[in-house]
Amino acid sequence: MSDLNQPGIDVHAPETRGLGWAVLAFTGLAMAVFVIVVTLFARTGGDFVGTLDEGLGEVLMRRGMRFEAAGELENAKEAYHQAVERPFTGPQNRADTLKRLGVIYWAEGRLDAAYPYLRKAADFNPPPISVFEPLCDCLLGLHRHSEARTMLDRWLTLARATENTLEIARAKYCEGRLARVEGDTEAALRAFLEGAALVPGGRNASELGMLYFEMGEYEKALEQVDYYLESGTGDRAEYMRRLRGHLLKLLGKGS
């Protein structure tokens with residue numbers, strides 16, 4: 001009798017053992033892929049999965065926002081730079097990313113670097129209204145007064161259309177600064193007064209305090225300085241406190 005017919009001999013054993021190794025290998029590979037996916041999700045906060053239903057631009061934009069919130073501005077800039085080179089699912093997210101990138105450069109005092117990103121954001125329809133304040137400040141700092149006037153008019157039109165009182169007041173502050181640069185004191189005074197009427201005690205009040213001081217109207221200057229100091233902080237507030245002391249002396253009210 002052949003050995004193949006002897007009891008205890010499994011003619012299919014080699015094939016079965018081969019199949020078992022294949023199953024083990026496949027299981028191991030699946031587990032490795034699962035670990036990689038979980039790791040990516042943990043490290044990116046869902047960015048990896050997020051690419052399934054949104055553009056890569058949005059993924060990078062959100063990454064930049066997290067870096068920015070954590071104060072890691074160089075990483076934020078890098079993420080935003082990468083984002084604007086990638087597709088977005090919607091134009092408003094691209095506009096917001098351009099604005100965010102420009103604002104970081106603006107806050108660093110790098111007006112030349114900030115301008116192109118802020119300008120591109122302002123070209124969207126509608127633009128993010130918050131882009132106009134840093135953009136107009138850049139244009140004033142770069143002595144591009146004609147363009148500043150154009151952007152200011154767009155800013156005011158949009159702010160009034162949406163009845164955004166705070167943005168109107170901010171635009172009036174920019175308008176007053178532009179008028180001062182152009183040597184039109186009356187226009188500057190009018191713009192600052194309009195802005196201060198909308199948001200009392202803001203930067204318009206500080207500008208009015210300085211302007212009235214230069215005009216020799218010390219009582220009015222003191223009144224506006226006091227309005228500003230009710231809520232003002234930082235370097236501007238420190239300057240206003242020194243101006244207030246000087247005004248008190250000029251009015252015979254100081255020690």
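Guide: The discussion below concerns a predicted model and sets computed values against the cut-offs behind each term.

Visitor: How many aromatic pairs does the structure hold?

Guide: The structure holds four aromatic pairs. One of them joins Y173 and F192.

Visitor: Why are Y173 and F192 called an aromatic pair, and why is the pair tilted?

Guide: Two rings pair if their centres lie within 6.5 Å, and the centres of Y173 and F192 are 6.4 Å apart.

Visitor: Which parts of the chain does the pair link?

Guide: The pair links distant parts of the chain, with Y173 in helix α9 (residues 165-181) and F192 in helix α10 (residues 185-198), 19 residues apart.

Visitor: Are Y173 and F192 buried or exposed?

Guide: Buried means under 20% relative accessible area. Y173 has 7% and F192 has 0%, so both residues are buried.

Visitor: What makes the pair of F213 and Y218 tilted?

Guide: The ring centres of F213 and Y218 are 6.0 Å apart, with the planes at 35°.

Visitor: Why are F213 and Y218 called partly exposed?

Guide: The term covers values between 20% and 50%. F213 has a relative accessible area of 26% and Y218 one of 27%, so each is partly exposed.

Visitor: How do you know that R144 lies over the face of Y115?

Guide: The distance from R144 to the ring centre of Y115 is 4.3 Å, and the limit is 6 Å. The term also requires a position within 35 degrees of the ring normal; R144 is accordingly described as lying over the face of Y115.

Visitor: Why does E167 count as buried?

Guide: E167, in helix α9, has a relative accessibility of 5%. The limit is 20%, so E167 counts as buried.

Visitor: What joins the side chains of E167 and W155?

Guide: A polar contact of 2.9 Å joins them, against a limit of 3.5 Å. Leaving aside residues up to four places away in sequence, E167 touches I129, S130, W155 and A159.

Visitor: Which element gives the largest share of the lining of the largest pocket?

Guide: Helix α9 does, with four residues. The lining includes Y173, together with L166, A169 and R170 among others, and the pocket holds about 160 Å³ of space.

Notes. Residues numbered from 1 in each chain as written. Predicted model: local features only at pLDDT ≥ 70, side-chain atom pairs only at ≥ 80, totals over all residues. Heavy atoms only, no water. Phe/Tyr/Trp six-rings, centres within 6.5 Å; stacked < 30°, edge-to-face > 60°. Helix = DSSP H or I, 4+ residues; strand = E, 2+ residues; numbered from the N terminus. Buried < 20%, exposed > 50% of the residue type's maximum accessible area, 1.4 Å probe, protein only. Polar contact = N/O pair within 3.5 Å; in protein donor to acceptor, adjacent residues only side chain to side chain. Contact = heavy atoms within 4.5 Å. 1 Å grid on protein atoms, 1.4 Å probe; cavity = no way out; pocket = protein on both sides within 12 Å on 5 of 7 lines; lining within 4 Å. Points joined across faces, edges and corners; volume = space filled by probe spheres on them.
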